[in-house]
Amino acid sequence: MLKPTTVALDAMGGDNAPGEMILGAIEATSLKKELQVLLVGQEELLKKELSLHNYDSERIHIVNATEVIETAEPPVNAIRRKKDSSMVVGMKLVKEGKADAFVSAGSSGAILVGGQIIVGRIKGVDRAPMAPLIPTEKGFSLLVDSGANVDARSSHLVQFAKMGSIYMEHVMGRKNPTVGIVNVGAEEEKGNALVKETFPLLKESKNINFIGSVEAREIPYGGADVVVCEGFTGNVILKLYEGVGGVLIKKIKGSLMTSLKTKIGALLIKGALKDTMKDFDATQYGGAPLLGLNGLVVKTHGNAKAAEVKNTLLQCITFNEQQIAQKIKQSILEEEKENEEK
């Protein structure tokens, strides 16, 4: 029998904390008996909020943290000065082995800094990328990096591709996942200096299933299982994705309410439309893990509600059971050994 997965949840992070964080924890623990959640935050406030709900007190516990890191605070200063913040305390639980994962909807910058300073990068990993799942016609793809490293070198992108492939295969079940690099055209000679330098390195890599360039318009169609780019491009893709998705849903709903005929039609297709919209709802896939750390750190949207928090917590179970950090470590060690033998 597998050891239960313990997740430290930043109960004070995000626009809807602590209420939606707590609801997400309750929903997740009710679905998975192998999950335990440590709610990290101001103890009295969390006790008061928990008292409003029925929950399994054997699997949801409070870890007191008196401070909160606000979104507008400079990340490095916040992590260094607020030692008793919910974010710092939660990450220390992962570092000390008291939690298998840390989840937060708080400041992205502070999560990135804290993840690398407190939890630490795996030896041999140069940069830790943020890797969210994005909906596509084929189901979903992994976008790596979505904003952690706005500047990157070719060697970093190659590592992103390898770590993303490990994640997609072992957590998401995609055997031999395809890898594509974001480019402005399909031809190998196209792209900026970074893409031109990275392309042949990905092509030569034995550990990934590289299929070449992926243009932005191909991403929603599932052009590659793992979509690789530096964080600036990735963040633009992610934010545009979210914005266009929101506008389309709003437009579709509006058009179905314009007349009696469209309202009747809406009733007839309600079930199918709901299922389609659900497929393109990014919150169902959980948060974005920081790959390449010694432990699991996951960022959810700042406006995350209970459903996204629940899915992120459930996502941590698979990550933990599949020992992704250990698989990344092993992959790096094998690569270093191969390089020494050459």
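The largest cavity is lined by V125, Q159, K162, M163, I166, I328, S331, I332 and E335. A cavity is here a set of points on a 1 Å grid over the protein atoms alone where a 1.4 Å probe fits but cannot get out, and lining residues have an atom within 4 Å of a point. The structure is a predicted model, in which local features need pLDDT of at least 70 and side-chain atom pairs count only at pLDDT 80 or more, while totals for chains, interfaces and linings use all residues. Residues are numbered from 1 along each chain as its sequence is written, and side-chain values use heavy atoms, with hydrogens and water left out.

One cavity of 30 Å³ or more was counted. The largest cavity holds about 70 Å³ of space, a volume being the space filled by probe spheres set on the grid points, which are joined across faces, edges and corners. Its lining comprises five nonpolar, two polar and two charged residues (nonpolar: Ala, Val, Leu, Ile, Met, Phe, Trp, Tyr, Cys and Pro; charged: Asp, Glu, Lys and Arg; polar: the others, Gly among them).

Eight salt bridges were found in the whole structure, each defined as a side-chain nitrogen of Lys or Arg within 4 Å of a carboxyl oxygen of Asp or Glu. In one of them, D56 pairs with R59, and the closest N and O atoms are 3.0 Å apart. R59 is buried at 9% relative accessible area, whereas D56 is partly exposed at 29% (buried, under 20%; exposed, over 50%; partly exposed, in between; 1.4 Å probe, protein chains only). A salt bridge also joins R217 to E215, with the closest N and O atoms 3.6 Å apart; R217 is exposed at 61%, and E215 is buried at 17%.

How values were computed: 1 Å grid on protein atoms, 1.4 Å probe; cavity = no way out; pocket = protein on both sides within 12 Å on 5 of 7 lines; lining within 4 Å.
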